[in-house]
Amino acid sequence: MLESCFECCIKCLGGVPYASLVATILCFSGVALFCGCGHVALTGTVTMVENHFSRITSDHAALTDVVQILQYIIYGIACFFFLYGIILLAEGFYTTSAVKEMHSEFKTTVCGRCISAMFVFLTHVLGLGWLGIFGFSAVPVFLFYNMWTTCGALKSPIANLTSVDNICVDVRQYGIIPWNATPGKACGSTLSDICNTSEFYLSYHLYIVACAGAGATVIALVHYLMILAANWAYLKGLCQQTHAYQDIKTRDDQELQDVQSRSKEGLNSSYS
């Protein structure tokens with residue numbers, strides 16, 4: 001009883017696509033970090049701009065609309081990749097079973113190979129898309145890094161030799177708000193107060209984590225792409241082997257029938 005259960009567990013563990021499982025965990029982690037941290041960081045950015053750089057609502061209305069659109073896109077990305085990761089994991093389970101059990105009920109078909117090829121193409125396209133998202137997510141990291149560096153300059157010894165009020169950050173030059181927005185920039189003690197706010201500190205580090213999550217998702221999709229390409233090649237080779245085996249078996253059966261028919265004919269002629 002115990003031996004049969006142990007053998008069953010070993011058989012089940014042997015059918016687990018560990019490569020697909022690792023890629024799925026990495027993909028879920030990367031997407032979760034990007035979507036969760038990106039959503040909170042965008043909200044913090046809008047709050048910081050409203051409180052310190054744009055006092056008139058109409059000046060940052062466009063920024064608020066863009067952030068809301070990006071947050072809705074984040075919701076869609078999270079839902080889509082949750083389903084897509086599960087589908088790729090299920091495809092990995094099917095392919096592993098089809099490869100390991102060549103003559104069992106898991107038969108490779110033309111439809112199965114077409115689906116595998118479709119996943120290879122779709123994952124390739126999504127990988128390129130996430131590569132663009134990774135580059136796009138690095139933009140706010142760069143902007144906040146410049147502001148972080150300026151905040152550090154306020155505390156450096158050089159700032160004591162010059163006028164602190166000459167050290168400024170003007171967010172209008174980044175196109176976040178229009179040039180006629182007031183005040184549009186922060187200098188000296190005002191900038192120091194902004195640097196000490198939780199919105200700035202939290203948003204900066206969340207953007208870094210979101211960028212890292214996008215990078216992890218790119219790595220996961222590249223991993224998926226290698227797995228899917230290998231599985232498709234295995235299925236193609238398995239199908240060719242199956243067809244060759246069936247052709248050989250058909251020829252052997254035909255030759256056996258020919259030998260039996262000739263033997264019967266010889267016996268009939270000898271009796272006659």
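Colleague: Asp-170, then: buried or exposed?

Modeller: This is a predicted model. In it, Asp-170 has a relative accessibility of 17%, so the residue counts as buried, the cut-off being under 20%.

Colleague: Which residue does the Asp-170 side chain meet in a salt bridge?

Modeller: Arg-172, with 3.0 Å from N to O.

Colleague: And Arg-172, buried or exposed?

Modeller: Buried as well, with a relative accessible area of 15% for Arg-172.

Colleague: How many salt bridges does a search of the whole structure find?

Modeller: The search finds 1.

Colleague: Change of topic. What space lies in the largest pocket?

Modeller: About 710 Å³.

Colleague: How many residues line the largest pocket, and which lie nearest its centre?

Modeller: The lining has 29 residues, and those nearest the centre are Leu-42, Leu-70, Phe-136, Pro-140 and Tyr-207. Two or more lining residues come from each of helix 2 (18-52), helix 3 (61-100), helix 4 (110-155) and helix 7 (198-271).

Colleague: Now the outside. Which residues form a nonpolar patch on the surface?

Modeller: Phe-82, Leu-83, Ile-86 and Ile-87 do, and together they have about 390 Å² of accessible area.

Colleague: Where is Phe-82 placed?

Modeller: Phe-82 is in helix 3.

Key
Residues numbered from 1 in each chain as written. Predicted model: local features only at pLDDT ≥ 70, side-chain atom pairs only at ≥ 80, totals over all residues. Heavy atoms only, no water. 1 Å grid on protein atoms, 1.4 Å probe; cavity = no way out; pocket = protein on both sides within 12 Å on 5 of 7 lines; lining within 4 Å. Points joined across faces, edges and corners; volume = space filled by probe spheres on them. Helix = DSSP H or I, 4+ residues; strand = E, 2+ residues; numbered from the N terminus. Patch = residues over 30% accessible without salt bridge, like charges linked within 9 Å, V, L, I, M, F, W, Y side chains within 5 Å. Areas by Shrake-Rupley, 256 points an atom, 1.4 Å probe, with all protein chains shown as cover. Salt bridge = Lys/Arg side-chain N within 4 Å of Asp/Glu carboxyl O. Buried < 20%, exposed > 50% of the residue type's maximum accessible area, 1.4 Å probe, protein only.
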